Amino acid sequence: MALTIESRTKLNDGISMPIFGIGVWRMEPGRQTREAVSTALELGYIHIDAASMYKNEEDVGDAVKQSGLHREKIFITTKVYSQEVGYDSTLEACERSLQKLKLSYIDLYLIHKPVKGFRQNTWKALEKLKHEGICRSIGVSNFSPRHLQEIFEICEFSPVVNQIEMNPFLAQKTIADYCREKNIHITGFCPLARTEKSTDPTLVDIADECGKSWAQVMIRWGLQKQITTIPKSVNAQRIRENSEVFNFELNEDQMARLDGLDQGFRLRPDPIELP
Ligand SMILES: NC(=O)c1ccc[n+]([C@@H]2O[C@H](COP(=O)([O-])OP(=O)(O)OC[C@H]3O[C@@H](n4cnc5c(N)ncnc54)[C@H](OP(=O)(O)O)[C@@H]3O)[C@@H](O)[C@H]2O)c1
């Protein structure tokens, strides 16, 4: 079936998540975040990737409220940050996020980073939040297989998602293979490699072949790989451009050439090297 801006993937807890959204990291708190999120919602985006660390949950909440969209229509992810981990402090962090977002529940709550010594008790707090219906789905971010194994030692619910850096220039094969084996869905962050690869000749050639921009090709690659893709932009024209990826398809040859670009190009720390 053709992908659309509302296409969803079924997570391992039975809940479905939209495979395309907007990320809000490095959007300035206040007007910039409010306007970007409002623009995205007007254009039909239904998934917002937030985090307490981004310091703009209040603005995300304002934009969601202002949109007048039914709560059930929008999928909101947020994350417990490294300074907030631990059982009680995670429960408190979640309460703060709910208040700022002005929500009664979070669709997907993630452990932002695998902090040594705090992975298991933080996961137990997330499980409590899931039991209470405060967080519908729970998952992790920046976890390597070793960190995930620690969760599997104690978990009642498996993480549904591992959010990791991923784009054609960074395949993260070890983590991706492990997650696939464990039925953990991948959300790819830095899907545009923060524009660092916009002049790559192969990427530019494929964009020309498709009559699309390099950014649209990178986003479409993620979607066709069944990776949830959350490009960030504060610019209305680029927010629109990033959403216009459902009216073309990369063919097998183009996908293979994009796969061939993997060069371990990394903007954020390698999860495998995190303690
Ligand atoms: N879990 C984690 O640890 C983690 C880490 C990093 C990111 N994330 C999430 O992933 C999201 C996306 O990653 P990211 O923000 O780091 O990087 P990204 O989406 O790869 O790139 C964002 C950059 O690309 C520019 N841009 C966006 N659309 C463009 C287009 N069509 N043409 C040209 N330039 C364009 C943006 O500038 P303008 O805004 O000026 O358009 C911004 O500078 C984040 O917002 C966050 O939600 C999570």
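A residue is called buried when its relative accessible area is under 20%. This cut-off matters for reading helix α8, which spans residues 214–224 of this predicted model. Of the 11 residues in α8, 9 are buried, and the helix is therefore largely enclosed by the rest of the structure. The buried residues are A215, Q216, V217, M218, I219, R220, W221, G222 and L223. Their packing partners are the helices α7 (201–210), α9 (236–243) and α10 (252–259), together with strand β10 (228–229). Just after α8, Q226 adopts a positive phi of about 65 degrees.

When residues up to four places away in sequence are set aside, Q216 touches E241, E244, V245 and F248. With E241 there is also a polar approach: a polar atom of the Q216 side chain lies 2.9 Å from the backbone oxygen of E241. As a reference for distance across the model, the C-alpha atoms of Q216 and R96 are separated by 35 Å, and the two residues are 120 places apart along the chain.

Strand β10, against which α8 packs, also belongs to a sheet. This open sheet has 8 strands in the order β3-β4-β5-β6-β7-β8-β9-β10, and the pairing is parallel. Its edges are formed by β3 (22–23) and β10, each of which pairs on one side only. Strands of a sheet pair through backbone hydrogen bonds, either parallel or antiparallel. One of the pairs here joins β4 (residues 47–49) to β5 (residues 75–80) in the parallel sense, over 3 bridges. Within this pair, I48 stands opposite I76 in β5.

The ligand is surrounded by 27 residues, the closest being D49, L192, K232, S233 and R238. A polar side-chain atom of D49 is found 2.7 Å from a ligand oxygen. For R238, a polar side-chain atom likewise lies 2.7 Å from an oxygen atom of the ligand. For N142, an N or O atom of the side chain is 2.9 Å from a ligand oxygen. On its own the ligand has 910 Å² of accessible area, and the protein covers 90% of this.

Another helix, α4 (residues 119–131), contains T122. T122 has a relative accessibility of 0% and is therefore buried. Apart from its neighbours within four places in sequence, T122 is in contact with V80, V85, G86, T90 and I111.

The cysteines can be considered next. A disulfide is a covalent bond between the sulfur atoms of two cysteines. With a cut-off of 2.5 Å between cysteine sulfur atoms, the count comes to 0 disulfides. For C135, the closest cysteine sulfur is that of C94, at 3.8 Å, and this is too far for a bond. C155 is also in no disulfide, as the nearest cysteine sulfur, in C179, is 13 Å away. The surroundings of these cysteines can be compared through their accessibility. C135 is buried, with a relative accessible area of 0%, whereas C155 is partly exposed, with a value of 22%.

Finally, the backbone deserves attention in two loops. Most residues other than glycine have a negative phi, and most peptide bonds are trans. R26 is not a glycine, yet its phi is positive, at about 65 degrees. This residue is found in the loop between β3 and α1 (31–43). N183, also not a glycine, has a positive phi of about 60 degrees. Its place is the loop between α6 (173–181) and β9 (185–189).

Terms used. Residues are numbered from 1 along each chain as its sequence is written. This is a predicted model: local features need pLDDT of at least 70, side-chain atom pairs count only at pLDDT 80 or more; totals for chains, interfaces and linings use all residues. Side-chain values use heavy atoms; hydrogens and water are left out. Buried means under 20% relative accessible area, exposed over 50%, partly exposed in between (1.4 Å probe, protein chains only). Helices (H or I, at least four residues) and strands (E, at least two) are DSSP runs, numbered from the N terminus. Contact means heavy atoms within 4.5 Å. Two strands pair if DSSP finds at least two bridges between them. A residue is near a molecule or strand if one of its heavy atoms lies within 4 Å of it. A polar contact is a pair of N or O atoms within 3.5 Å; within protein, one must be able to donate a hydrogen and the other to accept it, and residues adjacent in sequence count only if both atoms are side-chain atoms. Accessible areas come from the Shrake-Rupley method with a 1.4 Å probe; for residues, only the protein chains shown count as cover.
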